[in-house]
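Student: Hi! Could you walk me through the cavities in this one?
Tutor: Happy to, let's bring it up.

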Amino acid sequence: MNLLKKFLFELQEITNLIIFAFLGLFKSPRYLKEIIRQMDLIGVGSLPIVLLTGFFTGGVLILQTYPTLVHYGAQAEAGRAVATSLIRELGPVLSALMVSGRIGSAISAELGAMVVSQQIDAMRALGTDPNRKLVAPRIIALILMLPLLTVAADVFGLLGGGIVAKNLYGLDYNLFITSVRNGITTEDILGGIIKPLFFGLIIGSVSCYKGLSTTDGTVGVGRSTTSAVVLSSIVVIIFDFFLSRAIQSIFDIKPI
Amino acid sequence: MFSQPTEDAANTAEVTEEELAPTDLEDAVDEPERVVPAIEFRDVHLSFEDNKILDGISFTVRRGETKVILGRSGGGKSTTIRLILGLLKPDSGQILIDGEDITEYSEIEMMTVRAKIGMVFQEGALFDSLSVYDNVAYRLHEQGVAESEVETEVRRMLKFVDLEDAIDKMPAELSGGMRRRVGIARALVGDPQIVLFDEPTAGLDPPTARTICELAIKLRDLEDVSSIFVTHEMKNLEYLSSEYATVDENGEVVFEMEGEKICLINTEIVMLKEGKIIFTGKDEEFAATDDPYILKFVRGK
Ligand SMILES: Nc1ncnc2c1ncn2[C@@H]1O[C@H](COP(=O)(O)OP(=O)(O)OP(=O)(O)O)[C@@H](O)[C@H]1O
Ligand SMILES: [Mg+2]
């Protein structure tokens, strides 16, 4: 019961945070510079790890599925196999998890440290709403950058898959590319871009909330950092299921 | 801020309130904001969980007045100041700023109230990610003031706290006392009419502490600023309650001791004990008290 109460309370607080952050967007001063700075930090900064993740995920997908495909005599479909799972699922989810580890922790640690050193209070005392100055730019930057990062991860995943298929299994590049192109649909690509929009919102709002609700000094900063990463990762994974289902029914995707 | 003092010391160092000339009283009626206190607490209660911090606090800070708040560590002094800024809300009671009841104000409504208040935080609370310049300029940047104007103002404030050399440093490169002084400069930018000092001299050497007290005295006597000055140090209390600032014939600010003829009425002491106010009054009354708690607080034993 208490746990449920706590959950509902946090849900309400996070919803409020999102609402206030977005309402603030329509008032001046607008923190455009801050948004761009965060986009650079979040997007450009996370590019290397997201690309690496994508590349090796694509590689390992081929590595593991190719022998099975050979068994069924379907090695020509290798590209399709990587592309669908990568673009529909692994690209969005793995990018979101990497970003929640790298950026979610950074956000909640930074905001948490600002809370315990009274910088948030000072900011409020100087007439600035931290929701608008700190929270909104971070959430917006995450919503804008995560889809881009996901697409980059997808591309590198296909690249990794192609390279592994060619070098380990001797599959021709053209064959691989053709099967990728036959395999993916516009709906897959759209779905793969819609998901990270939501994941960005989740990671941003959960991490900002956890950071801003830090108590108990520096120990509290560590605690809120941990729970920001854990909570946002779990919510991303759970949300992914329901989002996938919703996208399936919206785009009317049928099992092939 | 202090280059063109407009008010003379007579305004702030009258003999007693009752002896106000009739014309002054009429002035007071003409300017209703002079009779409305800058800060007023009405029976404010606040607890953290089971811990009663403030238990029925009532006091007022008039315009141009300084209230020195004394009390032991953990006695609720910083909490009182945070209530004024609306960073915390009381459990019951009212808080009025310039006659406006801010108790129920939302965060957005508080923003206009906070614009007239400068706050010096106990720990400095500088923004780590911003340079000294940007810290001091913070309020002006948020208001979208032109950069040339911002720069003149920031340099003037930093000169004032004697930190011009540190303008490009980051807060992490400063000593504790320097951070505090940057915090003071940041709080005073934009000439707020109410200034809250939370132990601004703690951990500073005596001359620097003296400079900060002089600053508070100048704000009080020459700028008509209302302030709250939280401190543990008796030396600060002595400066604040027995000296006043005035401008001599050369236009220089000088500090004079109150004496036979002039008795300072714009500084009062508020003593907190276990969430209640056990003393309010002038320093002479404070010195003459025989309350054992106060005597122990003053002497330390
Ligand atoms: N957020 C909070 N949650 C719980 N208790 C708090 C909180 N803030 C302050 N307190 C408690 O309130 C009491 C008063 O704190 P406050 O900071 O006002 O003291 P203070 O008079 O400023 O002390 P000092 O002179 O040491 O600065 C302390 O006992 C402190 O433990
Ligand atoms: Mg304190």
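Tutor: What follows is a short chat about the cavities and their linings. This is a predicted model, where local features need pLDDT of at least 70, side-chain atom pairs count only at pLDDT 80 or more, and totals for chains, interfaces and linings use all residues. Residues are numbered from 1 along each chain as its sequence is written, chains are lettered from A in the order in which they are written, and hydrogens and water are left out of side-chain values.

Student: How many cavities of 30 Å³ or more are there?
Tutor: Two. A cavity is a set of points on a 1 Å grid over the protein atoms alone where a 1.4 Å probe fits but cannot get out; its volume is the space filled by probe spheres set on the points, which are joined across faces, edges and corners.

Student: What volume does the largest cavity have?
Tutor: About 50 Å³. Its lining residues (an atom within 4 Å of a point) include A:Val50, A:Thr57, A:Leu90 and A:Ala153.

Student: Which helix gives the largest share of that lining?
Tutor: H3(A), with five residues. Helices are DSSP runs of H or I, at least four residues, and strands are runs of E, at least two, numbered from the N terminus.

Student: Switching over, what lines the second largest cavity?
Tutor: Residues of chains A and B, among them A:Ala122, A:Leu126, B:Phe121, B:Arg139 and B:Arg186. This cavity has a volume of about 40 Å³, and strand S6(B) brings the largest share of its lining, three residues.

Terms used:
On a 1 Å grid over the protein atoms alone, a cavity is a set of points where a 1.4 Å probe fits but cannot get out, and a pocket is an open set with protein on both sides within 12 Å along at least five of seven lines; lining residues have an atom within 4 Å of a point.
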